[in-house]
Amino acid sequence: SIQVPALAHSIMGVSARCGNLRNLFLVNYGMVGRLLQACSSKSSVMAASFELLKKGETIGSLAMTEESGGSNSKAFTTRLTRSNKIFLLNGSKIWITLGAISDFYIVQAWVGEHLRLVYVPSSSNGVLFKPISSPLGCRGSGLAEITFQDVEIDEQHILPCKIEECGEIASHEYIVRNGRFFAGASGLGMGLGALSEATKVLLSKKNFKGALFFQGDWQSKISELYIRSIAIKELLSKIESNFNYFLSSGLDKFTPLKILGTQFAMECSALLVKACGAESFK
């Protein structure tokens with residue numbers, strides 16, 4: 001099974017080494033994998049897909065964001081409509097991580113007045129994808145824009161969403177919070193990786209005062225970042241130990257974790273870049 005604490009620490013470790021592998025762990029295992037795992041007892045399709053995903057024999061992506069409204073579900077236009085005994089999926093999604101290399105998508109779409117998740121094999125008739133090939137960074141993450149044109153969907157490919165079936169795990173709020181949690185963990189890992197490399201660079205560089213690493217301004221900034229990493233780890237640990245409670249409560253600790261983790265990664269990365277070109281702190 002895909003357990004939250006183990007997966008969070010795996011994402012941290014991978015993120016410290018490779019941003020593209022980080023996306024594979026965050027999306028394929030952290031978001032898609034946990035959705036399939038939660039729904040596998042209610043759907044043979046989800047169970048079979050989850051087994052293949054665990055073995056590394058398939059890759060899935062979450063097709064949620066749209067050009068007009070980002071991740072704001074109220075702005076979504078992708079819709080699933082019934083046509084006789086089948087459903088037809090129409091709409092488009094953009095900035096989908098792993099979208100260009102996935103074997104299947106978990107698509108958020110409106111079914112009447114309800115937002116549902118739909119399992120869609122990427123080889124289905126009517127599925128078109130356009131790779132986004134020039135983002136700034138993480139160019140191996142398989143970003144894509146995906147269009148669905150009258151894609152036929154069997155009812156068993158619609159993920160269950162009732163509380164008694166899978167504990168709201170297929171809800172929009174669950175997906176957003178789950179994603180923010182693992183994004184925060186990956187940001188922490190990326191930052192610690194950059195900070196470690198910056199330390200190595202500064203230890204190797206010297207000026208008339210000696211190694212840059214031991215000089216006051218650098219020491220002050222590095223110490224500040226390491227102290228901040230401890231605080232983010234504490235928040236991550238608190239969410240891990242109370243994961244389901246925070247998911248179901250109105251107390252949102254996932255968004256602060258994502259923001260803090262992202263800011264930490266950006267500052268540590270900037271410090272690494274500065275260190276590589278530095279002769280002094282200024």
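Helix α6 (residues 216–241) passes helix α8 (residues 254–276) in a left-handed crossing, meaning that the near helix is turned anticlockwise from the far one by less than a right angle. This is a predicted model, in which local features need pLDDT of at least 70 and side-chain atom pairs count only at pLDDT 80 or more, while totals for chains, interfaces and linings use all residues. Residues are numbered from 1 along each chain as its sequence is written, and side-chain values use heavy atoms, with hydrogens and water left out.

Helices here are DSSP runs (H or I, at least four residues) numbered from the N terminus. The axes of α6 and α8, lines fitted to C-alpha atoms over the stretch in contact, come within 10 Å and cross at roughly 155°. Such an angle makes α6 roughly antiparallel to α8, a label for angles over 145 degrees between N-to-C directions, on a range from 0 to 180. Contact means heavy atoms within 4.5 Å, and the residues that make it include W218, I232 and I239 of α6 and F254, L260 and A275 of α8.

Not counting residues up to four places away in sequence, I232 touches L188, L257, L260, G261 and F264.

Methods. Helices (H or I, at least four residues) and strands (E, at least two) are DSSP runs, numbered from the N terminus. Angles under 35 degrees count as roughly parallel, over 145 as roughly antiparallel, 65 to 115 as roughly perpendicular and the rest as oblique.
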